[in-house]
Amino acid sequence: MGQGVERAAQAKGHQIMARFSRRLGMPKERPQDLAQADLAIDFSHSALVLDHLKLCLSLNKPLVIGTTGWENEMATAQALVCEAQGSCLCAPNFSIGMFLFQRIVAYAASLLAPFEAYDLCGVEYHHQEKLDAPSGTAKALTRQIIDHLPRWPHFAFSSIRCGHIPGTHTLHFDSAADTLTLTHQARHREGFAQGALMAAEWLLSRKGFFTLDDFFK
Ligand SMILES: NC(=O)c1ccc[n+]([C@@H]2O[C@H](COP(=O)([O-])OP(=O)(O)OC[C@H]3O[C@@H](n4cnc5c(N)ncnc54)[C@H](OP(=O)(O)O)[C@@H]3O)[C@@H](O)[C@H]2O)c1
């Protein structure tokens, strides 16, 4: 994802001030490089997110977080940003199509919920290197359904890890008579990188803790 963000940023005329990875060195080892940038974008590992956020807040740099698997620490992140009066936007999925898909799923689920005949299940597919399962997007879709509709309290996604799949999320509303299937299929990872960059451009002039909902609104 880091390489995709770099390509997307350069295509829009932005300058990359520093790149970080285990191989290149992590931000805490070279904070002076981070200090030169207007903003940082994090696609790394769930265990690193809060440290990266603290470092960016201490340097007064807005941070866009695409890393997934750290949902349980979101409240802590929000409190840190508020306390420091910093800027942060995080999203488990930066694809515009997925943002719209979440709304379609919410609408479909609200239409089908009154009909006892329909059960609901979800399946998500990703490449075999993906570390977290279910995906952050699957967790967000699950929360959306469970929090707003008591109809399917045990709804959960099954996860499949295989080959190079960039990310597919499918929901089946199944009855004895038929199945309604909704699928979002990412074609490639550039869509995520471009979405993260758009969110970054938007975040530059703002203070606070944001999600993609705020950006699209
Ligand atoms: N929000 C979205 O739209 C979106 C889209 C795609 C992926 N993601 C998420 O973004 C994150 C990164 O995905 P990716 O596909 O870019 O992963 P990746 O190719 O494995 O890259 C992870 C990066 O983090 C570095 N890193 C540092 N410490 C690490 C550790 N302990 N374990 C693993 N990597 C470590 C790696 O350094 P080295 O290269 O030197 O190992 C690498 O630069 C994941 O959480 C993924 O789920 C989000």
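Helices (H or I, at least four residues) and strands (E, at least two) are DSSP runs, numbered from the N terminus. The structure is a predicted model, in which local features need pLDDT of at least 70, side-chain atom pairs count only at pLDDT 80 or more, and totals for chains, interfaces and linings use all residues. Residues are numbered from 1 along each chain as its sequence is written, and side-chain values use heavy atoms, with hydrogens and water left out.

View 1. Along the principal axes, the C-alpha trace spans about 60 × 40 × 30 Å. Of the 217 residues, 46% are buried, where buried means under 20% relative accessible area, exposed over 50%, and partly exposed in between (1.4 Å probe, protein chains only). Among contacts (heavy atoms within 4.5 Å) with a separation of 6 or more, 70% join residues 24 or more positions apart.

**View 2. Strand β4 with its partners β5 and β6.** Two strands pair if DSSP finds at least two bridges between them. Here β4 (residues 119–126) runs antiparallel to β6 (residues 168–174) over 7 bridges, while the pairing of β4 with β5 (residues 157–161) is parallel, over 5 bridges. Have a look at Gly122: its bridge partner in β6 is Leu171, and in β5 its bridge partner is Phe157.

**View 3. The cis peptide bond from Ala133 to Pro134.** Most residues other than glycine have a negative phi, and most peptide bonds are trans. The bond from Ala133 to Pro134 is cis, with omega near -5°. You will find Pro134 in the loop between β4 and α6 (136–148).

**View 4. Asn60, a residue with positive phi that is not a glycine.** Its phi is about 60°. Asn60 sits in the loop that links α3 (49–58) and β2 (63–65). This residue is exposed, with a relative accessible area of 55%.

**View 5. Gln85, with a positive phi although it is not a glycine.** For Gln85, phi is about 50°. The loop between α4 (74–84) and β3 (87–90) holds Gln85. With a relative accessible area of 63%, Gln85 is exposed.
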